Amino acid sequence: MGLLFSIFTFIILLAIAFIGAYVEGLHYLFGIVLPYIAFAVFIIGIVVRIIKWAQSPVPFRITTTCGQQRSLDFIKQNKIDNPFTGLQTFIRMFFEIILFRSLFRNTKAGIKENKLTYGANKWLWLFSIVFHYSFLIIVLRHFRFFTEPVPSFVPFIQEIDGFFQIGLPIIYLTTIGITVGLLYLLARRIFDNQVRYISLASDYLPLFLILSIAITGILMRHFFKVDLTPVKQLTLSILSFQPILPADVNPIFYIHLFFVCTLLIYFPMSKLVHMPGIFLSPTRNLANNNRAKRHINPWNSDFKMHYHTYEEYEDEFREVMRDVGLPLEKEEKNVD
Ligand code: HEM
């Protein structure tokens with residue numbers, strides 16, 4: 001159902017993209033107005049999300065840990081997987097973000113000889129990392145369309161990315177990486193029964209959107225050989241807030257741009273917001289020092305919290321506790 005709904009949504013988006021690309025009178029709307037709206041929604045949406053996260057109470061340390069916590073001197077602490085200090089937490093977070101360490105531990109459940117077994121499954125980690133890094137490098141490479149003069153890191157990245165010099169124009173490794181990564185992530189959701197069972201439309205749609213951005217990009221570079229001069233004129237004019245619509249922009253570019261804008265608008269309300277979210281995740285960004293340090297919710301005094309103390313609890317349930325033979329603290333002193 002989720003898959004069908006997202007295919008349906010995607011077909012509608014594709015139809016809108018085609019209309020915007022091939023009806024010339026709509027180029028101003030799709031080439032200039034929409035990018036401004038998309039960028040504004042993206043920035044405001046993310047800021048709102050971050051403010052909401054920052055306002056959520058985190059009264060307890062709820063670190064997810066995967067190793068021995070700091071304890072007695074002769075017990076070895078796992079400093080990365082169970083951080084005790086701010087620095088250890090930073091190191092853990094850093095490697096989580098650049099290497100997806102927790103995903104590397106991903107296991108897959110299956111039935112073997114009538115028993116539930118868990119086996120290692122590194123494919124998800126591998127294709128995820130290929131996809132994410134390819135995406136990042138492609139966005140960095142795209143700076144050649146957004147800047148004049150082009151910063152020196154762009155030709156440097158392009159050179160490494162096109163190192164094997166396959167094809168003309170050169171096929172970048174990250175172009176292959178993003179496509180293969182996305183196809184794996186999509187195939188996993190469609191063909192793996194367990195994953196399909198828990199997948200929603202909001203799991204498929206981002207994959208369709210990003211895949212369509214990649215495919216239209218590939219079409220522009222390798223098949224239609226789009227003239228990049230008007231494209232750059234358009235982007236620079238938008239970024240300098242003096243928008244001009246060049247006459248001879250290839251329609252396929254409008255489709256590429258439409259999907260990018262849709263992605264930007266959808267981003268803050270979609271699961272993709274995990275990108276900034278990981279930094280504010282209390283299960284990751286807190287040190288696990290609960291046993292050494294008492295953490296008191298700083299807002300308690302503001303709310304004039306009333307605690308249900310153990311004494312009150314015992315007063316409330318004394319009869320029942322006595323009936324079932326539970327030990328009572330106040331029994332001897334005050335009662336009977
Ligand atoms: C989410 C952001 C974006 C992604 C993931 C993306 C992805 C891609 C991919 C995979 C390609 C194929 C060739 C390559 O790898 O460079 C491409 C090409 C292209 N993209 Fe994007 N794109 C994005 C945003 C944009 C934006 C905002 C523009 C507007 C200026 C743009 C303009 C182009 C152009 C003109 C090409 C053809 C490049 C060439 O012929 O060398 N892209 N894009």
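**Backbone and surface features of a predicted model**

Author: Asparagine 114 sits in the loop between strand 1 (107-112) and strand 2 (115-120). Helices (H or I, at least four residues) and strands (E, at least two) are DSSP runs, numbered from the N terminus. This is a predicted model, where local features need pLDDT of at least 70, side-chain atom pairs count only at pLDDT 80 or more, and totals for chains, interfaces and linings use all residues. Residues are numbered from 1 along each chain as its sequence is written, and side-chain values use heavy atoms, with hydrogens and water left out.

Reader: What is the phi of asparagine 114?

Author: Asparagine 114 has a positive phi of about 65°, although it is not a glycine. Most residues other than glycine have a negative phi.

Reader: Is asparagine 114 buried or exposed?

Author: Asparagine 114 is exposed, because its relative accessible area is 78%; buried means under 20%, exposed over 50%, and partly exposed in between (1.4 Å probe, protein chains only).

Reader: And where is glutamine 165 found?

Author: Glutamine 165 is in the loop between helix 7 and helix 8. Glutamine 165 has a positive phi of about 50° and is exposed, with a relative accessible area of 59%.

Reader: Turning to peptide bonds, which residue does a cis bond join to proline 169?

Author: Leucine 168, with omega at about -5°. Proline 169 lies in the loop between helix 7 and helix 8 (173-191).

Reader: What is omega for the cis bond of glutamate 148 and proline 149?

Author: There omega is about 0°. Proline 149 belongs to the loop between helix 6 (143-146) and helix 7 (153-161). Most peptide bonds are trans.
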